Amino acid sequence: MTGSGGYDRFGRGYGVTRRPDPRIAAQIDAALSGMRSVANVGAGTGSYEPITTRIAVDPSRVMTAQRAATAAPAVLGVAEALPIADAAVDAALAVLTIHHWPDLESGLAELRRIARRRVVIMTWDADVYETFWLVRDYVRAAARTDRGYAVPLDRITTALGGRVETVLIPHDCTDGFGAAYWRRPDAYLDPEVRAGMSMFARTDPGTTVEGLDRLRDDIDSGRWRRRYADLLDLDDYDAGYRLVVVDL
Ligand SMILES: C[S@@+](CC[C@H](N)C(=O)[O-])C[C@H]1O[C@@H](n2cnc3c(N)ncnc32)[C@H](O)[C@@H]1O
């Protein structure tokens with residue numbers, strides 16, 4: 001299926017660096033509390049799928065092929081035209097996927113159409129994300145990529161309403177998305193780690209070389225630890241990740 005936002009190309013290593021973090025999973029589970037049937041849209045490899053998931057939808061064969069044998073059945077499809085009947089599930093879930101949808105409003109309307117009670121969306125606030133030291137101080141080109149596909153939160157709340165929860169990132173987060181290594185800067189020097197982050201996968205590597213070299217120098221010289229000393233005492237960090245919870 002085409003239209004996977006590039007995941008048929010760069011999704012091969014996804015299952016390696018993108019392991020769901022149990023603390024973030026617990027927050028998503030809490031947002032879905034009481035929902036006895038869930039459709040996971042843009043489900044990919046199945047991260048953060050609650051056990052009540054009845055069906056998963058994703059356009060990428062590469063991503064769905066990495067799902068666990070025990071995971072809910074996955075069908076190939078896009079959010080903008082879900083192959084699911086009206087009000088077929090208690091809740092629709094979409095985790096770190098809406099920024100890939102070519103027609104966001106149609107996709108959001110589809111989430112609302114298939115869900116009887118709740119829609120839960122995990123995304124991020126680009127204004128907060130841009131204050132994250134990596135993108136602010138080292139890889140501005142990746143920040144511009146990120147900004148180019150970030151979805152403003154008010155586009156979601158205008159379409160669906162709902163409340164917004166902050167998703168704090170634990171210092172030892174197991175899910176290698178963009179800000180996961182906020183207290184472990186060496187990780188960003190590993191090309192395999194960067195390959196699992198769409199802001200790097202979608203940015204010309206030539207434009208991030210200088211910043212990553214500078215990061216290596218700053219780590220080696222101790223400058224990074226001095227410059228960001230305040231982070232070293234934190235257990236969790238707000239890099240802008242957000243959960244939008246909509247009661248229908
Ligand atoms: C960053 S991955 C997130 C996967 C999973 N939800 C997770 O949290 O690990 C983004 C997913 O969105 C999917 N995607 C891209 N375009 C889509 C669309 N139009 N409708 C639904 N999913 C889409 C991709 O195939 C990919 O699996």
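# Rings, strands and a buried helix face

Student: What makes R194 count as sitting over the ring of F200?

Tutor: The charged end of R194 lies 5.9 Å from the centre of the F200 ring. The rule asks for NZ of Lys or CZ of Arg within 6 Å of the ring centre and within 35 degrees of the ring normal. R194 therefore sits over the ring of F200. The model is a predicted one, where local features need pLDDT of at least 70, side-chain atom pairs count only at pLDDT 80 or more, and totals for chains, interfaces and linings use all residues. Residues are numbered from 1 along each chain as its sequence is written, and side-chain values use heavy atoms, with hydrogens and water left out.

Student: Why is the pair of Y129 and Y241 called edge-to-face?

Tutor: Rings of Phe, Tyr and Trp (its six-membered ring) pair if their centres lie within 6.5 Å; planes under 30 degrees apart are stacked, over 60 edge-to-face, and the rest tilted. For Y129 and Y241 the centres are 6.2 Å apart and the planes stand at 80 degrees, so the pair is edge-to-face. Y129 belongs to helix α6 (residues 126-129) and Y241 to strand β9, so parts 112 residues apart in sequence are tied together. Helices (H or I, at least four residues) and strands (E, at least two) are DSSP runs, numbered from the N terminus.

Student: Are Y129 and Y241 buried or exposed?

Tutor: Buried means under 20% relative accessible area, exposed over 50%, and partly exposed in between (1.4 Å probe, protein chains only). Y129 has 2% relative accessibility and counts as buried; Y241, at 4%, counts as buried too.

Student: Which class does the pair of W133 and Y188 fall into?

Tutor: Edge-to-face, with 5.9 Å centre to centre and 85 degrees between the planes. W133 is in helix α7 (residues 133-137) and Y188 in the loop between β7 (169-170) and α10 (191-195), 55 residues apart. Both W133 and Y188 are buried. The count of aromatic pairs comes to 14, and ring pairs link a cluster whose members include Y129, W133, Y188 and Y241.

Student: What makes β3 and β6 the edges of the sheet?

Tutor: Two strands pair if DSSP finds at least two bridges between them. Seven strands form an open sheet with mixed pairing, in the order β3-β2-β1-β4-β5-β9-β6. β3 (74-76) and β6 (163-166) each have a single partner strand, so one side of each lacks a neighbour in the sheet.

Student: How do you know that β4 pairs with β5 and with β1?

Tutor: Six bridges join β4 (residues 89-95) to β5 (residues 115-124), and the two run parallel. Strand β1 (residues 38-41) pairs with β4 over three bridges, also in the parallel sense. A92 has V119 as its bridge partner in β5, and A39 stands opposite A92 in β4. L93 stands opposite V120 in β5.

Student: Why is β4 called largely enclosed?

Tutor: Seven of the seven residues of β4 are buried, so the rest of the structure largely encloses this strand. In β5, eight of its 10 residues are buried.
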